[in-house]
Amino acid sequence: MDGIVTDVTVGVKRGSDELLSGSVLSSPNSNMSSMVVTANGNDSKKFKGEDKMDGAPSRVLHIRKLPGEVTETEVIALGLPFGKVTNILMLKGKNQAFLELATEEAAVTMVNYYSAVTPHLRNQPIYIQYSNHKELKTDNTLNQRAQAVLQAVTAVQTANTPLSGTAVSENAVTPAQSPVLRIIIDNMYYPVTLDVLHQIFTKFGAVLKIITFTKNNQFQALLQYGDPVNAQQAKLALDGQNIYNACCTLRIDFSKLVNLNVKYNNDKSRDYTRPDLPSGDGQPALDPAIAAAFAKETSLLAVPGALSPLAIPNAAAAAAAAAAGRVGMPGVSAGGNTVLLVSNLNEEMVTPQSLFTLFGVYGDVQRVKILYNKKDSALIQMADGHQSQLAMNHLNGQKMYGKIIRVTLSKHQTVQLPREGLDDQGLTKDFGNSPLHRFKKPGSKNFQNIFPPSATLHLSNIPPSVAEEDLRTLFANTGGTVKAFKFFQDHKMALLQMATVEEAIQALIDLHNYNLGENHHLRVSFSKSTI
């Protein structure tokens, strides 16, 4: 059988998947230093997932299940984050490729990373494993296009450009090919962290590295995908979007750089392929157990309120989760659900209206159902997943009518209304057309004034005839103590401080939309200020 290799197995069952057209490979199993390998007609023998075992490490990697239209550049980009790519061979007819890296260590890092995070090209999962071959020798006349692409990338890869102000060097390439995005945040009223960016951009593919920095008094970031196509999709979907309503606008361009070289894993920069990197502040590298979790890219959205692997504070985790729900694919909501389950309610006191008012601080409540057989629990349907995440983060563990309430995401997708003609004792209410929704108007200032429950309340829409004493009396009648009061200059707004957060929650439930006369309904929300 001249020029045909039929059995090249080293720990991995490959069958005929590694038979190459027009190439020369150095095979560790062959007595010949190099042998011509041609395709035979036996390509139907497919690789079975259950047959896959880890072969001996090699700097040549075998990539399978590639989409039909995939380019050499996209395949090369898979390897670039891990080190220099020295050769490539595409087998278009078989949807396969071979990629040779400069060192075995780089190949091992790449295989380890992609075994934890499935690589995707053009939204299709692909499979990467060690080849039986230790070196890839290609016939350049038959592989000219791939070699040209590789030379172009290699030429710019060697031009290491240090980035001013950061402990980073990068490799430049033409913008169209780059898997690296440059992100600028405009109108940054709320802090945007590295973890927030990771949450948002992960929706478009595996994020390998992020560097954040401030330049020209603007928060900026460089973010690297494993695949330029993911970068392109993210840019198309996210450029010009707001992370939070009416603020934190994403401005996204392709970077001229193709690879980020991250030195430290901390709150300014992170390499998700290298969880062992030091933090750079004289602190030790991550604990190995945390590093393992970190490498698997755990999602904050999957576990509401959970800490991220780097143990960022809960508030930051919540912000990241909320941001990921706010931006991204249409129809993809944070945690995938708009319905909340609220339990440990005071069943003697709670009503659909009181839940509508309190949860309405964090989103537009559509429906509320107090459970008929368990009246200390209720289902609340918000307008979108971002709002349900926000309400859960802010209200879980707060006191309402003397009881600490628990708020979690429900498995229900919607709150069912009772069948027509069925009396459910007023336990279910549809608020879909309520005029009291705070967030119906796009760009409303209410989006910028969402704060956790606090003892200080912000009052607005106060008519000229209502004095401080009237408002103090009104709020004292809700059962609490008014500690302080301050009118704004125009007397249309004021800050009012109750003795405790619980008293402020009660006052907001009782007095939001209270009719003060002269066609003025009082607006009440939580304030971040103190008096």
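Two strands are taken to pair if DSSP finds at least two bridges between them. The structure described here is a predicted model.

**Strand β21 and its partners**

By that criterion, strand β19 (residues 339-343) pairs with β21 through 4 bridges, and the two run antiparallel. Strand β20 (residues 365-370) is likewise joined to β21, here by 5 bridges and again in antiparallel fashion. Within these pairings, L340 stands opposite I380 of β21, while I370 stands opposite A378 of β21.

| Strand joined | Residues | Partner | Bridges | Direction |
|---|---|---|---|---|
| β19 | 339-343 | β21 | 4 bridges | antiparallel |
| β20 | 365-370 | β21 | 5 bridges | antiparallel |
| β15 | 242-244 | β16 | 2 bridges | antiparallel |

Is β21 largely enclosed or left open by the rest of the structure? Burial means a relative accessible area under 20%. Because 5 of the 5 residues of β21 (residues 378-382) are buried, the strand is largely enclosed by the rest of the structure. In a regular strand, side chains alternate between the two faces of the sheet. Both faces of β21 are covered: A378, I380 and M382 are buried on one side, and L379 and Q381 are buried on the other.

**The six-stranded sheet**

An open sheet is formed by 6 strands in the order β15-β16-β12-β14-β13-β18, with antiparallel pairing.

Helix α4 (residues 194-201) lies across β12 (180-186), β13 (207-215), β14 (218-225), β15, β16 and β18, and runs at about 135 degrees to β13. Helix α5 (residues 228-238) lies across β12, β14 and β16, running at about 140 degrees to β16.

**Nonpolar cores**

The largest nonpolar core comprises 52 residues, and those with the most contacts inside it are L355, F359, M400, L457, L459 and F475. Helix α11 (residues 501-511) gives the most to this core, contributing 6 residues. Apart from neighbours within four places in sequence, M400 is in contact with L345, V350, S354, L355, L358, I405 and I509. A second, separate core of 32 residues includes L66, A97, L99 and L101.

How values were computed
Residues are numbered from 1 along each chain as its sequence is written. This is a predicted model: local features need pLDDT of at least 70, side-chain atom pairs count only at pLDDT 80 or more; totals for chains, interfaces and linings use all residues. Side-chain values use heavy atoms; hydrogens and water are left out. Buried means under 20% relative accessible area, exposed over 50%, partly exposed in between (1.4 Å probe, protein chains only). Contact means heavy atoms within 4.5 Å. Axes are lines fitted to C-alpha atoms, for helices over the stretch in contact, and angles run from 0 to 180 degrees between N-to-C directions. A nonpolar core is a set of buried Ala, Val, Leu, Ile, Met, Phe, Trp, Tyr and Cys residues joined through side-chain atoms within 4.5 Å.
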